[in-house]
Amino acid sequence: MNADIRSFFKSILLLVALSLAPPAWTAESAPIVSGWVEWVVLEPWGIPLKGKLDTGAKTSSLHAVDIEYFEREGEEWVRFKTVASPQDSKPLAVERPLVRDVRIKRHKNAYQKRPVVTLGMCLGDRYTTAEFSLIDRSRFNYPVLLGRRALKKKEVLVDASRTFTLGSDARRCQQLSQSARQYNTLAGRTPLVQP
């Protein structure tokens, strides 16, 4: 076979392979534009909370009180209470494995040590897991702060002139959360610990 015919067949095979490959730029992977304040739905509870999207913060944070470290089966865990819903004054008790401790520099103050846990969350129609440092945010307007790591993970662009552009659908978030757990189980990955 001469070089021209081989080149022709290689081109045909490449076109067939590209047509069979899944698109790299799907709706899930396309960037979304959000406002600087959005509803964040915590999973698996389906709790919609107002969250400030802060590109100046690296790590996300969640309002938490009564934070306690404890050990479970040789692993370090954290027990805390957080907001159960925007209207409910009764806090939600949560236990999660400790991912790490982070040191946060506070304005004109010393560093503050905070525990970090992984939680499931939805932002608009996107589900992901994110690391949250735990801190009492009762003096702030928003119980959730989403930092760069969480925003980058789901390709979220922040428009500082907008708020509440993505909406929140707790039922859809629960479906996305369940699908992610099933996928991780089938893929042999350790699922996020349930409550």
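## Getting started

Strands here are DSSP runs of E at least two residues long, and helices are runs of H or I at least four long, numbered from the N terminus. What you're looking at is a predicted model, where local features need pLDDT of at least 70 and side-chain atom pairs count only at pLDDT 80 or more, while totals for chains, interfaces and linings use all residues. Residues are numbered from 1 along each chain as its sequence is written, and side-chain values use heavy atoms, leaving out hydrogens and water.

## The nonpolar cores

Now for the nonpolar cores: sets of buried Ala, Val, Leu, Ile, Met, Phe, Trp, Tyr and Cys joined through side-chain atoms within 4.5 Å. Buried means under 20% relative accessible area, exposed over 50%, and partly exposed in between (1.4 Å probe, protein chains only). The largest core holds 26 residues, and L62, F80, M121, L123, F132 and L146 have the most contacts inside it. Among the elements giving two or more residues to this core are β2 (37–43), β6 (75–82), β10 and α2 (148–153), but β9 gives the most, with four.

Take L62 as an example. Beyond its neighbours within four places in sequence, L62 is in contact (heavy atoms within 4.5 Å) with residues including L42, L49, F80, L119 and F132. A second, separate core has five residues, V41, C122, C173 and L176 among them.

## Aromatic pairs

Three aromatic pairs turn up (ring centres within 6.5 Å, using Trp's six-membered ring; planes under 30 degrees apart are stacked, over 60 edge-to-face, the rest tilted). The W36 and Y142 rings have centres 6.1 Å apart and planes at 85°, so they are edge-to-face. W36 is in the loop between β1 (32–35) and β2, and Y142 is in the loop between β10 and β11, so this pair ties together parts 106 residues apart in sequence. W36 is partly exposed at 31% relative accessible area, while Y142 is buried at 17%.

W39 and F164 make a tilted pair, 5.7 Å centre to centre with 40° between the planes. W39 lies in strand β2 and F164 in the loop between β12 (156–159) and α3 (170–186), so parts 125 residues apart in sequence are tied together. W39 is partly exposed at 23%, and F164 is partly exposed at 35%.
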